[in-house]
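Hi everyone, thanks for coming. Let me walk you through one structure today, going from the surface to a sheet and then to a few single residues.

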Amino acid sequence: PNAVFILQINGDLSLGAGFTINLVNGAEASNVFWQVNGAVGMGGGAVHQGSIVASTAITVGLGVVVNGRLITKSGAVSMSATSVYSQGDAP
């Protein structure tokens, strides 16, 4: 449960509509980091766990649940009826 996970993606990250990221074996969203060297897009109804640091824009679709943070180095974070929770507080 105290392990830290850093997922590095050398390009864009796209999560399709309804895509769900599940953490197992006691992993905590506060210890999961996504380093994306590109843009991030999440389709409607997706569920994301962990903090995203993207080099460009982050676009989050309708009804997405994010248990973590959305950070961009340059660009905007665009959300549409999105629920963002402090890590560990997601339903």
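Let's begin with V4: at 51% relative accessibility it counts as exposed, where exposed means over 50% relative accessible area, buried under 20% and partly exposed in between, with a 1.4 Å probe and protein chains only. Before going on, a word on the source: this is a predicted model, in which local features need pLDDT of at least 70 and side-chain atom pairs count only at pLDDT 80 or more, while totals for chains, interfaces and linings use all residues. Residues are numbered from 1 along each chain as its sequence is written, and side-chain values use heavy atoms, with hydrogens and water left out.

Back to V4, which sits in the segment before β1 (5-9); strands here are DSSP runs of E, at least two residues, numbered from the N terminus. Together with I6 and F33, V4 forms a nonpolar surface patch with about 280 Å² of accessible area. Patch members have over 30% relative accessible area and no salt bridge, and nonpolar side chains are joined within 5 Å. A salt bridge would be a side-chain nitrogen of Lys or Arg within 4 Å of a carboxyl oxygen of Asp or Glu. The areas come from the Shrake-Rupley method with a 1.4 Å probe, and for residues only the protein chains shown count as cover.

Now the sheet. Three strands make an open, parallel sheet, in the order β5-β8-β11. Why is one side of β5 (47-49) and of β11 (83-85) left without a neighbour in the sheet? Both stand at the edges, each with a single partner strand. Pairing takes at least two DSSP bridges between two strands; β8 (residues 65-67) and β11 have three. In one of them, V65 is partnered with S83 of β11.

On to I71, in strand β9 (residues 70-72). I71 is partly exposed, at 39% relative accessible area. It touches I52, V53, A54 and I58, leaving out residues up to four places away in sequence; contact means heavy atoms within 4.5 Å. I71 and I52 are 19 residues apart along the chain, with 5.9 Å between their C-alpha atoms.

Finally, two loop residues. A81, in the loop between β10 (77-79) and β11, is exposed at 59%. Beyond its sequence neighbours within four places, A81 is in contact with L62, G63 and V64.

Technical notes: Patches are made of residues with over 30% relative accessible area and no salt bridge: like charges are joined within 9 Å, nonpolar side chains (Val, Leu, Ile, Met, Phe, Trp, Tyr) within 5 Å. Helices (H or I, at least four residues) and strands (E, at least two) are DSSP runs, numbered from the N terminus.
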